[in-house]
Amino acid sequence: MTRIVRTVLDPTGEVKPAGRERVRRPPALDGRTVGLLDISKPRGDVFLDRVEERLAAAGATVVRYRKPTFAKNAPIDLRHEISTKCEVVIEALAD
Amino acid sequence: MDLPDGILAVVRQDCPTCTLVAPVVSELAGAGVVDVVSEDSDDGLELSWRLGVETVPTLLRVRGGQVTERLEGWERSRWEAFAGVAGLGPGLPGHRPGCGSRTLDPGMADDLAVRFAGDVLRSRRVEVGELEDEAEAMFDRGWTDGLPVVPPTPARVLRMLAGTTREPGEVVAVVPPNMVEASVEKVAVNAVLAGCRPEYLPVVLAAVEAACTDEFNIHGLLATTYFSGPMVVVNGPVARAIGMNSGVNALGQGNRANATIGRALQLVVRNLGGGVPGGVDRATLGNPGKYSFCFAEDEETSPWEPLAVERGVPGGRSAVTLFAGEGPRAVVDQLSRTADSLARSFASCLRTVAHPKLAIAFDAFVIVSPEHARVFRNDGWDKARLRTEVMSLLQLSGDSVVRGAGGIAEGLPEVVRGSSIPKFRADGLWFVHAGGRAGLFSAIIGGWVNGEAGSQPVTREVRT
């Protein structure tokens with residue numbers, strides 16, 4: 001399949017990088033709220049259980065989330081909840 | 001582009017006339033009389049595009065690097081005269097019309113402009129990913145005012161630039177707050193975002209120039225907590241030429257030129273200048289006109305000289321006038337049939353600009369509708385008379401506007417007590433004629449702080 005890439009011209013003063021800037025990575029997870037998003041792939045929960053143990057040991061507060069299906073984008077309410085409650089999110093992408 | 005002197009024969013493969021005359025072209029090429037340019041090669045297509053060839057076959061005579069003569073299609077006698085060779089194509093019909101140039105095939109114009117002229121564009125290229133929705137991508141990058149924008153592809157920007165004779169690299173203004181140089185190209189990119197047609201671009205350029213002057217002070221206007229944004233009044237033939245609205249709903253929605261010119265100016269301030277609400281834009285409430293506030297004066301039926309003429313632009317020329325305006329407020333007077341009575345209504349309503357007890361610091365525009373203007377026309381009042389009468393009605397007694405008077409803490413300092421204070425400074429009140437034919441209503445547009453510390457109205461001619 002041909003990869004369609006559309007080009008547009010930057011309307012800005014070009015004082016910032018063209019790519020969207022990522023949020024800065026926190027220096028430590030101690031005291032942070034970390035969301036673990038299970039995308040509903042088989043055995044993702046097993047993996048995330050262990051991640052949760054390790055994070056909790058590192059002093060993080062862990063909140064668990066689960067997408068209804070890995071085949072679709074996370075529902076907007078779920079995304080909103082994660083973005084308002086968590087400072088960091090880890091998504092278990094594959095089984 | 002260096003063209004050697006001689007004759008060029010422009011042809012394309014799938015043109016029956018070109019096929020018919022192929023032996024003639026080969027004969028002339030073999031004899032060194034013509035050079036063949038085939039639109040089937042990239043170089044040939046580019047040359048054809050640059051020379052504006054519309055028909056194939058075309059013979060072009062080049063002298064001193066310039067095309068001095070063109071011959072389209074096949075006509076034996078004229079080809080013989082053009083090439084200076086007799087007896088061409090003896091077995092061919094005497095004449096055949098040509099075919100369209102490949103450069104004119106559907107969809108080719110934009111493609112060729114980008115391929116062959118795209119290098120004039122200096123803006124950074126930003127790729128929109130395969131899985132990104134184009135409209136969402138514009139929002140994600142922070143390039144919109146909250147409404148969807150048109151993605152500024154190179155083809156669209158080149159089309160936009162065709163709306164002006166100015167060079168893409170020419171610097172139009174330095175845009176605050178980031179003090180970024182706005183090239184014609186960058187303004188065109190934002191005009192595409194705003195939804196402008198190319199013929200609007202000269203008006204947008206003039207508006208950007210006017211906004212970024214020290215007098216207009218778009219930096220301060222942007223940063224203020226006050227309501228105002230740039231109001232753009234367009235005068236002169238350009239308004240009609242680009243289909244601007246000066247009539248029914250002139251200050252409202254529904255006309256593309258009105259809506260997108262004002263929007264393009266605000267997008268230039270946002271994207272180029274970096275002036276974003278919550279950033280440098282600190283407006284407490286703002287006003288809906290900060291999306292776009294642009295309209296044309298109805299000069300045709302006006303009893304008065306156009307605003308731009310009053311402000312020094314020769315009649316018949318096009319110009320924009322920018323004013324740091326808040327939202328329109330209504331003046332309802334359905335009963336006055338004399339200029340004197342209506343002027344008193346105007347004065348009463350104008351007293352409330354900013355606050356009934358504040359004076360001199362805020363200018364105002366009155367948008368006078370045709371039915372109200374008729375009242376002044378009938379009584380023979382010109383603008384100067386109207387202004388003088390309204391100003392004299394708005395001499396406020398210092399005692400009534402001093403702080404605390406009327407039980408209202410707001411007002412002017414103690415020093416005004418016992419004196420008479422004009423509501424507006426001498427050049428602080430302007431009248432413009434616009435609106436639908438029906439309705440005994442006018443509109444007041446209050447200004448932001450005027451003078452050196454604030455914003456002055458600025459008028460700029462619209463160039464090509």
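View 1. B:Val366 stands opposite B:Ile444, a residue of strand 19 of chain B. Helices (H or I, at least four residues) and strands (E, at least two) are DSSP runs, numbered from the N terminus. Strand 15 (residues 362–368) of chain B is joined to strand 19 by six bridges in the antiparallel sense; two strands pair if DSSP finds at least two bridges between them. Strand 14 (residues 319–332) of chain B also runs antiparallel to strand 19, with six bridges, and here B:Val332 has B:Phe441 as its bridge partner. Because seven of the nine residues of strand 19 (residues 441–449) are buried, this strand is largely enclosed by the rest of the structure. A residue counts as buried if 20 or more other C-beta atoms lie within 10 Å of its own, as exposed if 12 or fewer do, and as partly exposed in between, with C-beta atoms placed from the backbone.

Residues are numbered from 1 along each chain as its sequence is written, and chains are lettered from A and ligands numbered from 1 in the order in which they are written. In this predicted model, local features need pLDDT of at least 70 and side-chain atom pairs count only at pLDDT 80 or more, while totals for chains, interfaces and linings use all residues.

**View 2. The contact between chain A and chain B.** In this view, 27 residues of chain B are in contact with 15 residues of chain A, contact being defined by C-beta atoms, placed from the backbone, that lie within 7 Å. The elements of chain B that give two or more residues to this side are strand 9 (125–128), helix 5 (134–140), helix 6 (154–161), helix 7 (184–194) and helix 11 (256–272). Strand 9 of chain B runs antiparallel to strand 1 (residues 6–9) of chain A, and four bridges join them. One pair of bridge partners is A:Leu9 and B:Arg125.

**View 3. Helix 1 (residues 44–57) of chain A.** The 14 residues of this helix should span 20 Å at 1.5 Å a residue, and the end C-alpha atoms are 20 Å apart, which agrees; the expected span is 1.5 Å times one less than the number of residues. The buried residues of helix 1 are A:Gly44, A:Leu48 and A:Leu55. Seen down the helix axis, they fall within an arc of 20°, so they line one face of the helix; the arc is that of the directions from the helix axis to the C-beta atoms. They pack against strand 2 (33–38), strand 3 (61–66) and strand 4 (88–92) of chain A. Exposed residues on the other side of the helix include A:Asp49, A:Arg50 and A:Glu53. After helix 1 comes A:Gly59, with a positive phi near 95°.

**View 4. Two cis peptide bonds of chain B.** The bond from B:Val56 to B:Pro57 is cis, with omega near -10°, and B:Pro57 is in the loop between strand 3 (55–56) and strand 4 (58–63) of chain B. The bond from B:Pro176 to B:Pro177 is also cis, with omega near 0°. B:Pro177 belongs to the loop between strand 10 (171–175) and strand 11 (180–183) of chain B.

**View 5. The loop residue B:Asn217.** B:Asn217 has a positive phi, near 60°, and is a residue other than glycine. Its loop runs between helix 8 (201–211) and helix 9 (218–223) of chain B. B:Asn217 is buried, because 23 other C-beta atoms lie within 10 Å.

Definitions and conventions. Contact = placed C-beta atoms within 7 Å.
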